[in-house]
Amino acid sequence: MQLPALAAQVDRGDFAGAQAQIDKALAAPGTDAATRAAYAFQQERMRRIRLDFTLDEAQAKAAVRRSVPDLRDEEFKRWDDAGLLEHLDIDGQRRWFKRAPGNLFLLSAEASQRRPADKRISRPGPYERLGPHHGEVIIAAEQSGLTSLAPRRVRITQSIKVDADAVPAGETVRAWIPYPRSIAGQQENIQWLGSVPTGAQIAPEDTLQRTAYLERKAVAGTPTEFSVSYELTISARRFVIDPDKVQPTPSDPALAPYLVERAPHVVFTPAMREFSRKAVGNETNPYRVAKKLFDAVDQIPWGGAREYSTISNISDYALHAGHADCGQQTLLLISLLRMNGIPARWQSGMVYSDNEVGYNNLHDWGAVYLAPYGWVPVDVSTGALNSDKPAERDFYFGGLDAYRIAFNDDYSRPLVPAKQHFRSETVDLQRGEVEWQGGNLYFNQWQYDFQSQVLPLAGK
């Protein structure tokens with residue numbers, strides 16, 4: 001069986017059939033190392049899917065009933081049949097995604113109204129709703145004409161704590177903690193403060209998924225801990241674009257990688273072409289095409305996501321699942337833009353706040369190339385803000401706030417030093433990665449923490 005057919009078998013929940021094919025391939029003497037690794041990952045993917053789809057019917061109903069105490073069985077079935085409760089039939093037994101009960105109330109107004117009034121409040125991140133910082137950036141752009149604005153000096157400490165006895169005592173635990181690149185106009189003046197343990201190996205500046213690498217021996221009965229600390233200056237971005245001045249994409253070899261498919265997550269499927277046709281219509285202006293696609297993807301409801309490594313084609317998943325999170329929406333938008341001849345690329349990291357203590361979150365966004373303006377940021381998951389003023393409403397189509405740090409300028413790129421075993425996150429890199437000689441340590445074997453402190457700017 002070819003690998004795409006095997007992946008599709010896993011996607012359908014035919015784990016027993018897939019495992020039989022994997023066993024056959026791994027036992028065959030002529031199977032090369034790369035093919036063996038690809039088949040072995042499908043086996044690992046099934047294990048990870050089971051960790052995401054943990055709920056049986058009784059558990060799924062019980063989770064919904066915590067918000068809707070008088071839930072009726074027919075309501076649950078109707079919502080489930082409508083695809084509002086993400087599930088997968090694994091070898092004939094239906095299992096529900098562990099975040100599906102919470103996502104239900106984000107996807108269904110009817111379900112949300114069934115909750116008590118005090119449980120209907122949805123609290124977005126601090127910069128997902130219009131606030132003073134957006135106005136600060138807009139005014140600064142108008143007054144200065146600059147595209148890098150409202151800088152913030154930030155001190156970051158990010159850590160990983162591996163569960164006690166996850167690795168045998170005396171074995172070396174290897175950890176990769178995300179670390180930022182210097183990006184002109186966006187994040188600059190990076191100052192290393194230190195690591196625990198000392199001796200971190202920082203990947204070269206041109207590493208698109210950059211990390212600080214650390215090693216430490218495991219001690220029996222004790223968590224194995226790692227951390228890195230540094231400061232940097234992060235600026236908001238705002239590009240004021242005149243659509244009538246936007247030109248066709250130039251024939252530039254440097255842009256070529258951002259115009260093509262990149263399987264498995266950026267593929268121009270027939271369904272994607274149809275979605276694009278309906279969204280774009282007869283429009284040809286690159287800015288207006290990009291904005292139409294941005295608005296169309298922004299209409300997909302946000303929902304808590306499965307682990308990306310369990311999904312065989314993320315942009316296709318975002319198109320069909322009925323919901324998507326930030327990275328899924330971003331990959332879908334990237335696919336649509338490239339399909340329409342508009343260069344698009346990925347960026348991701350963490351968001352945080354200086355007015356909500358302890359707030360941080362994983363976040364993904366992107367950039368689009370619009371001549372003659374160059375690369376322009378777009379955050380389709382945050383999307384349109386609630387305002388009648390175009391400058392405020394469309395802030396994230398051509399702008400970014402100053403409360404995000406980028407760790408990744410692409411997705412699914414090699415780590416430095418190279419990882420020996422499968423990554424826990426095969427697409428993104430925000431929490432980090434951990435392994436030992438015996439294998440990868442998955443997310444259920446360690447925890448991460450991200451702490452930020454916004455500092456006074458020098459001279460202010």
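Gln 9 touches Met 1, Asp 14, Gly 17, Ala 18 and Gln 21, leaving aside residues up to four places away in sequence; contact here means heavy atoms within 4.5 Å. The residue belongs to helix 1 (residues 3–12), where helices (H or I, at least four residues) and strands (E, at least two) are DSSP runs numbered from the N terminus. With a relative accessible area of 8%, Gln 9 is buried, the cut-offs being under 20% for buried, over 50% for exposed and in between for partly exposed (1.4 Å probe, protein chains only). All this comes from a predicted model, in which local features need pLDDT of at least 70 and side-chain atom pairs count only at pLDDT 80 or more, while totals for chains, interfaces and linings use all residues. Residues are numbered from 1 along each chain as its sequence is written, and side-chain values use heavy atoms, with hydrogens and water left out.

Next comes helix 4 (residues 57–65), whose buried residues are Ala 60, Lys 61, Ala 63 and Val 64. Viewed down the axis of helix 4, these fall within an arc of 160°, so they line one face of the helix; the arc is that of the directions from the helix axis to the C-beta atoms. The packing partners of these buried residues are helix 5 (73–81), strand 2 (93–96) and helix 6 (100–107).

Strand 2 also pairs with strand 1 (residues 87–90), in the antiparallel sense and over four bridges; pairing requires that DSSP finds at least two bridges between two strands. Leu 88 and Ile 90 make up the covered face of strand 1, with His 87 and Asp 89 on the uncovered one. Asp 89 has Arg 94 of strand 2 as its bridge partner. The hairpin has two residues between the strands, and Asp 91 takes a positive phi near 50° there.

Further along, four strands form an open antiparallel sheet in the order 11-10-9-13. Its edges are strand 11 (374–378) and strand 13 (404–408), each pairing on one side only. Neighbouring strands are turned by 40° against each other on average, direction ignored; axes are lines fitted to C-alpha atoms, for helices over the stretch in contact, and angles run from 0 to 180 degrees between N-to-C directions. Five bridges hold strand 10 (residues 360–370) to strand 11, and Tyr 369 has Trp 375 of strand 11 as its bridge partner. Helix 12 (residues 326–339) lies across strand 9 (344–352), strand 10 and strand 11, at about 160° to strand 9.

Now for the rings: the count of aromatic pairs comes to 17, with rings of Phe, Tyr and Trp (its six-membered ring) pairing if their centres lie within 6.5 Å, and planes under 30 degrees apart called stacked, over 60 edge-to-face and the rest tilted. Tyr 179 and Trp 192 are edge-to-face, at 5.6 Å centre to centre and 70° between the planes. Tyr 179 is buried at 4% relative accessibility, whereas Trp 192 is partly exposed at 32%. The Tyr 442 and Phe 443 rings have centres 5.4 Å apart and planes at 40°, so this pair is tilted. Ring pairs also link Tyr 127, Tyr 352, Tyr 403 and Phe 450 into a cluster.

Phe 443 has a charge over its ring as well: the charged end of Arg 431 sits 3.6 Å from the ring centre. The criterion is NZ of Lys or CZ of Arg within 6 Å of the ring centre and within 35 degrees of the ring normal. Arg 262 likewise has its charged end over the ring of Tyr 411, 4.0 Å from the centre.
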